[in-house]
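Student: I am new to this structure. Please take me closely through the surroundings of the ligand.

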Amino acid sequence: MLPVVELKDITHAYLGDREANLAIEDLNLTVGKGEFISLVGPSGCGKTTILSIIAGLLQPSRGEVLLSGRPVTGPSPEVGYMLQQDYLFPWRTIQDNVLLGLELTGRLTGSSRAQSLQLLADMGLAGKEKAYPAQLSGGMRQRVALVRTLATDPGLLLLDEPFSALDYQIKLQLEDLVSETLLRRGTTAILVTHDLSEAIAVSSRVILLQRNPGRVRKVFHVPEAIRSTPPLYARDLPGFAELFHEIWKEMELAGRDEM
Ligand code: ADP
Ligand code: MG
């Protein structure tokens, strides 16, 4: 099967006035259709850089990026990218923010509109359609941004810490809602998170990165039993805590190697 995402020997350096900052080096990653993977690792290990490269917003210094076999030349409507900051338009209502992507791509119909507003309601935002971003909490705005990204039904979804500003209870519910939605649609997804248990609960592979420069430290495969269970219940399964500790230990070793 043709992979949806292929990163081949990707190296990226940010060029400053006086020095270059090697953010990632010789990174290889392949993601198959319908797969849901997570990137975890310390701050500064290149997670956002990797997503931006896949999204076509950043051209890597070296290496090749393929989406469904074709080289990436810039942003594509097939790729939904939810940035670390929400970037809602303050002058548009919540509803108009959510429908923006559909509008821009000429796909705003009665049914796509109804589906998006339903998703907004499923995320606990019914009644907020006519409100403006400034009237919402950070966690609510994050959910709006998530709905906006899901609304266009992208084949590939890139999520940068989408649940970080949410209360724990809501976060668990949304993990379930999002993973169920993606599974139903057959969406391929890459999630960046600092929450290890979230990474294990929602994805089939957890990619642990290390920094200076950013590289893949180790890849962990999530057992089928955990993978096929909704995130909320996956946490109680045998094997979950063991995998958590295994990744945790490796993260600690990575941290020690840095010192
Ligand atoms: P993460 O998302 O894992 O925290 P980033 O991809 O944001 O990591 O950053 C990786 C490295 O690249 C860090 O050392 C960071 O300081 C650097 N970096 C990120 N963005 C820029 C930028 N626009 N200009 C210069 N350096 C950057
Ligand atoms: Mg980041």
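Tutor: Here is a walk around ligand 1. This is a predicted model, in which local features need pLDDT of at least 70, side-chain atom pairs count only at pLDDT 80 or more, and totals for chains, interfaces and linings use all residues. Residues are numbered from 1 along each chain as its sequence is written, chains are lettered from A and ligands numbered from 1 in the order written, and side-chain values use heavy atoms, without hydrogens and water.

Start with the shell. A residue belongs there if one of its heavy atoms lies within 4 Å of the ligand. Among the residues around ligand 1 are Tyr-14, Ala-23, Pro-42 and Lys-47. By class, the shell has 4 nonpolar, 6 polar and 1 charged residues. Here Ala, Val, Leu, Ile, Met, Phe, Trp, Tyr, Cys and Pro count as nonpolar, Asp, Glu, Lys and Arg as charged, and the others, Gly among them, as polar.

Now the elements, which are DSSP runs numbered from the N terminus: helices (H or I, at least four residues) and strands (E, at least two). Strand 2 (20–31) and helix 1 (47–54) each supply at least two shell residues. Helix 1 gives the most, with 3 residues.

Next, the polar contacts, pairs of N or O atoms within 3.5 Å. An N or O atom in the side chain of Thr-49 lies 2.5 Å from a ligand oxygen atom. For Cys-45, a polar backbone atom is 3.3 Å from an oxygen atom of ligand 1. Asn-21 has a polar side-chain atom 3.4 Å from a ligand oxygen atom. The protein covers 59% of the 550 Å² of accessible area (Shrake-Rupley method, 1.4 Å probe) that ligand 1 has on its own.

Methods
Polar contact = N/O pair within 3.5 Å; in protein donor to acceptor, adjacent residues only side chain to side chain.
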